[in-house]
Each structure stands twice: as structure tokens, then as C-alpha cells.
Amino acid sequence: MPRITLPDGKLLEFPQPVTGRQVAEAIGPGLARKAIGVKLNGAEIRDLTRPITEDAQLKIITANNDDPDALWLLRHSCAHLLAEAVCELFPGTKLAYGPPVDDGFFYDMKTPRPLTSDDFATIEAKMAEIVKANRPFTRVDYSCETGLARTDGDKFKRDNAERAIAKGATTISFYSTGTPGEHWEDLCAGPHVPATGVLAANKVMSVAGAYWHGDQASDQLTRIYGTCFADDKGLKAHLHRLEEAKKRDHRKLGREMDLFHLQEDNPGQVFWHPKGWAIYRELEDYVRGKIRDRGYVEVKTPSVMSKALWERSGHWAKYRDNMFTTSSEEREFALKPMNCPGHIEIFKQGLRSYRDLPLRMAEFGSCCRNELSGALHGIMRVRGFVQDDAHIFCTEAQIPDEVADFCTLLKDVYRDFGFGDDRILVKFSTRPAVRVGSDETWDRAEAALAGACKLAGLAYTLHAGEGAFYGPKLEFTLLDSLGRHWQCGTIQVDYQLPSAERLDAQYVGDDGQKHHPVILHRAILGSLERFIGILTEHFAGKFPLWLAPEQIRVLPITDEHVAYAREVAKRIHDADLRSTVDANSEKLGAKIRLARTDRVSYFAVVGAQEVADRTVSLQNQAGEKLGSLAIEALIERLREEVADKRIAPAVAGAVGG
RNA sequence: GCCACCUUAGCUCAGUCGGUAGAGCUACUGUUUUGUAAACAGUGGGUCGCCGGUUCGAGUCCGGCAGGUGGCUCCA
């Protein structure tokens, strides 16, 4: 006698177990036609055809691009569609695993020959056929024994079935797209949409390699990525978003805007050009000012340090594969991959008192990590980079305040780049199974991190068990203008490195005894390189004025006005702004076009009129004409915008040329 | 590092069946002196990523290597 509560609070009672479809029909025939699944008690998504025996809160899921549950269901089902098409086109294909993921789904499989993007059209055509046939997804449950037997000879599916049983499954389910025994089937827990017909808005996106269970030592599989939406409109919008992302790719903009380059003989090392370096220095100076106001001191530690230090710190044992090493006069050294040991060595000079704590030691630390070649990506993932790093040496009692202060600072900084609270995601990772330190210590450290988030008004998602072995951590992710996630800041509580077993940092407490401080490792931007990459893509190269490499370009109309243009540019330059002059002999239209495609923030046209009036005719990157201004007024205006760190309102919107 | 794919002028890209390489933009030179998104003409520019092989002949076919791209793994 299930009693079904609908999202609007309405209660439906049924005399016997009902299916989701029957509930939908009870509400209305239109809804029943549109329904693709149900969600029970806000948690479990189910097929429309599975019986509901208990009282439940129930949501009918319809194909809707704005409903994550609907997309999840569509994509999970579409993975089957893809798998069926591939199995049919490439007999001998062995299926492994095909879940929905952000923005789509993938299916890992072992195919008789490597698949390439040339195969996509054929696969999509086959998928379209299956969609057109509109065959029902049909579930059949077998006993564990029978289910297992059905996976005989199929290593991956057998493994999946065994795992399901180990996790407590009482039956093994298969889904057929059509009539069981007649049509294609796949071992799957479900749920699925009612029929293949609702999966029309799909696309095969890419092919890549993957390992079975993510294990390098295991089978190498082919992973095909695809996506599916409720309708063509959703799919088109998604593809459009990808196009936009491609247009603002920092590797493309970096070249076009002459910000930096990478070259073949130095993989993962960035050559910063003058314009890119202008942004870099602006960022560094900005952070330097911010942390100075918060009581940090800045230091600089060596790039090359002896193996002995890395052995004591534990890096040699744990991190060696990622370290560049070198030797001199038969001693081994390593390029520093992290700044912490250097900072502790500074802390250890002289005798520290509890009165010195908290000691906030910052460094724009140049780190080298020998990342796997396949992991490198533009300037986002490199082998040489600079962290806006700091280590806070404090007592355990000081952790809550220090973490709270850091969260406030971090929010403050992110806001200056236009990332408000709604664009900051916090991940809170707690104690892992293998860890050092007492449970009481962990309790306190975790409470401090959670409390600090609350104090700073930051909501977090809990990732239980994902902390470092030496302490819990917060990780801060930014949501950019295309809705993509970038992990930037972090703060980690560390009891290990300062301990007697490691680098043995000590201070004298108010009890006259020696104690080990706690260290908070923290960064806000993460790495300057990655952060500039993120900003480049977020702003599509149209940086806010305070960061823009070329803040204003003066455009003389004819040669006669070049001298005045240079004078204007010099005045702007003397006011600590970045200006240039386009003295080429092109027509004004061409100069304007170039200024705009170069993404210069402002350009100032000067001709006979402006020379006579000692003014400029100003226009911004967006193409808005801002009228004529005296030189002083122009400088004033630019300086104000820089000081305010103003961000163009258009940033969150579409990208222009 | 692993899997798949890619690599032709500074950039974006063409190059058919294996027959000695082409466009647009850029750069340079000249003419033009221009008023809010591209003036005109001319000239440069290439060991087709590198090494080897097959062939009378390789940008093109084969092998190896390097780098890049998308993933996996890892991560600031």
C-alpha cells in the first residue's frame, strides 16, 4: 500500500505496488509520456517500470537540460547506445565500464582495432538507427549465480558482477535495448530511460586511452567520450560552449597576445615575453601587498638544495620521482619541488619563542617538478612554476584564527578578480585511514578548518578520508566564466614536517619548554603560471585594466600626429600605466581593428583636432566610444580604474572577437 | 610514463595516384597621409619535427625517436 508524496506535497495512495509510470499516469497522461525515470526520496533514481513497494517521496524525471538527474539518466543510457553501436560495428569488442560524467559519459572498452575520430560518423549513424528504432530498455534480474554465469569469458563484466555482489547486490541485472535474448544487452545496475528514442540529442566527442580500474599495470582500454542532452537545443548550447572555450584557450591567446612561449627542447618551462611578464609582475606585486597587510614576512630560499635536506624532510623517499636532481663534487642536490623545507630552515635559525608565533613566512617560491610528460598542459601544468606560497608557524591553539584569517584573505583576493562567493567552491578533506597523529589532534585540526569556513561564510563539500597523511586540508576551486572548475588555493595543517622525526622545528613555550610548532601550508593563487592561464581563459584575454599588458594604445591619424601621440603615451607612461603608440602608416580603421584584435584595453585616437585641443578621442576594447578627454582627465580615469581593479561587466557573458 | 591522434613559412591551413612545395594573414620595401574594425603594389620567407628504411624518385609509404593535443595516472 505505498503512499507516494510528490514534490508539491500532494499525497497519492495506491492499493498495491506501483511503477513510476503508473504514478505519472495517475498525475496526467502528458507527464507519463514525458517521464524518463523517477527519483525516490531525493536519492535513488529508478526506471519507470520498476515497482515501488514502500511509502516514498517521488519526483518524476522528465527529459530536461536543466535537471542534473535527467541528464544523468540520459547519459547513462546513451553510454549503452554507444556501446551497442560499437559492438555491432566492431565484433569482438569487450565492454568494461560506461558511466555518466560531467558534461556527458564515456565507455571504456577493448576493441579489435584502435578507434579514431574517423570512426565517429559511422558510430553516430549506427546510434541514430537505434534511436530511430525506439527500442525499450528492458531490465532482467538474475540470481547472482546465473548472473555471474552470464559473464563467463568476459573478464571486465565478470569483475563488475563480482564487485556488485561483494557490495551486497542480491541480483545481477542486465539491460537489453529491446527484447531480452533477441537484442543487444549489457550487464548494468541501471537505471535507464524507457526507450532509445529519447536519446536523439547525442554526440560522440573524443577517444582516449584509459586503464582498467585506473591502474597502470592493468589492461589498456579505449575510452570513447560522448554526450547527450534532452534536446538539440541543449546539445547545441553545449557545443557552442566548447567552441567558446577553444577560442579563449590560453595557449592560443598566449601566442596571439605575445604573452609567453614554450619550446620543444624545454618541455614544461615557460618563456615569459614582456607582455606576459607585465601581468605576472602585476599579480606578484598585488599578492605581495595583500599579504604584507596581513602580517606576513617574505623570504627567498635556494632553488638547489642538498639531498640530505630532502632526505630529512621525507621528500627524497616520497617525492623523488618528481624531483630534478643534479650533482657537484660528488654531492647530490635537487631542485626544490616545494618551499616548506627551506622555510623551516629559516625558522630554525636562532632560538624561537612562543612570542614569535604565529610566524607567517611567505615566498614567491620557484619550484621545479619533473611531471610526467603526458601531464603537461600549456602554462596550466608545467615543470617550472612559482607558488604564492607561505607557511604559518603557529601553536595548535592558533590554528582556528589563522585558518579563518586565511579564508578571509583568500576571499578578498578572489573577489578582486571577480570571483565572488558563488564562484568559490571549497573542498574539505579529512583524516585518511593511514595517518600520523592522535585522533584528538585530528579532531581539533578538522574542527578548526570547518569553523574557519563557517566564519568566512564559505560553504564546503566534505571529502572524508582524502586528507594528507599529516593533516586535513581545504582546497579552493574557482568557477570561471564558462562554468569550468579550477583548483587554486589550499591550506593544509601539518604536524609532521616540524616534528622531531622530520625537520625538528622548535620554539620555547611560555612554560620554558621546547615545543614543535604546527605548520599551515597555504597558497591563494596556487601557481602564478596556472593562475595567469586561468585568468586568460576566464577573461578571454580581455584582462581588467589593472592586469592588462597593454592598457592603452595611442593611434595617430597621420604622421603629423605621431609626435603628439608619443607625448600622450609618455605622459601616461610617467603616470605608471602601460601605453604604446601605433605609428604605422595604415589608415585609422586598420589601426583600430588591430588594437581591438590585440585586446588592448583602451585606444586613444589623436588627429588634428586632438592636437589643437590637447585631448584624445577615447574608445574601449568593447568598441564603446567614450568621447574626447583632456590628457589629465584620461590619466585620472585610467588610474581610477586601475585602483578600483574594475572588471568589465561583460566578462561573464559571451566572448567577442 | 601509458593509449590514440597530430607535427608543411612567424601564424592559420591546402598539398590528388609517390614525380623536387602553395594560399591567406604577418614581416620587409615602395606608393598612399589616411577620422573610428582591413589602402594598393611588390619582395622576402621552407633541410615539409628529427633519424633511418623502401624506391630511379618520399611532404606523401614503412620503422624509430622527439614534441604537442585529448584522455588515463598525477597535480600548483
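Q: Is Cys-394 buried or exposed?
A: This is a predicted model, where local features need pLDDT of at least 70, side-chain atom pairs count only at pLDDT 80 or more, and totals for chains, interfaces and linings use all residues. Residues are numbered from 1 along each chain as its sequence is written, chains are lettered from A and ligands numbered from 1 in the order in which they are written, and side-chain values use heavy atoms, with hydrogens and water left out. Buried means under 20% relative accessible area, exposed over 50%, and partly exposed in between (1.4 Å probe, protein chains only). Cys-394 has 0% relative accessibility, so the residue is buried.

Q: Which cysteine has the sulfur closest to that of Cys-394?
A: A disulfide is a pair of cysteine sulfur atoms within 2.5 Å. The closest sulfur to Cys-394 is 14 Å away, too far for a bond, and belongs to Cys-407.

Q: How far is the sulfur of Cys-228 from the closest cysteine sulfur?
A: Cys-228 is buried, at 0% relative accessibility. The closest cysteine sulfur is in Cys-78, too far for a bond, at 4.0 Å.

Q: How many disulfides does the structure hold?
A: The sulfur of Cys-228 is too far from that of Cys-78 for a bond. Cys-394 and Cys-407 are too far apart as well. The count of disulfides in the structure is zero.

Q: How are the rings of Tyr-286 and Phe-417 arranged?
A: Rings of Phe, Tyr and Trp (its six-membered ring) pair if their centres lie within 6.5 Å; planes under 30 degrees apart are stacked, over 60 edge-to-face, the rest tilted. The centres of Tyr-286 and Phe-417 are 5.6 Å apart, with 85° between the planes: edge-to-face.

Q: How many residues apart in sequence are the parts that Tyr-286 and Phe-417 tie together?
A: Helices (H or I, at least four residues) and strands (E, at least two) are DSSP runs, numbered from the N terminus. Tyr-286 lies in helix 9, and Phe-417 in the loop between helix 13 and strand 24, so the pair joins parts separated by 131 residues.

Q: Why is the pair of Phe-406 and Phe-476 classed as it is?
A: Phe-406 is in helix 13 and Phe-476 in strand 26. The ring centres are 6.1 Å apart and the planes meet at 65°, so the class is edge-to-face.

Q: Which ring lies under the charged end of Lys-645?
A: A charge sits over a ring if NZ of Lys or CZ of Arg is within 6 Å of the ring centre and within 35 degrees of the ring normal. The charged end of Lys-645 is 4.8 Å from the centre of the ring of Trp-546.
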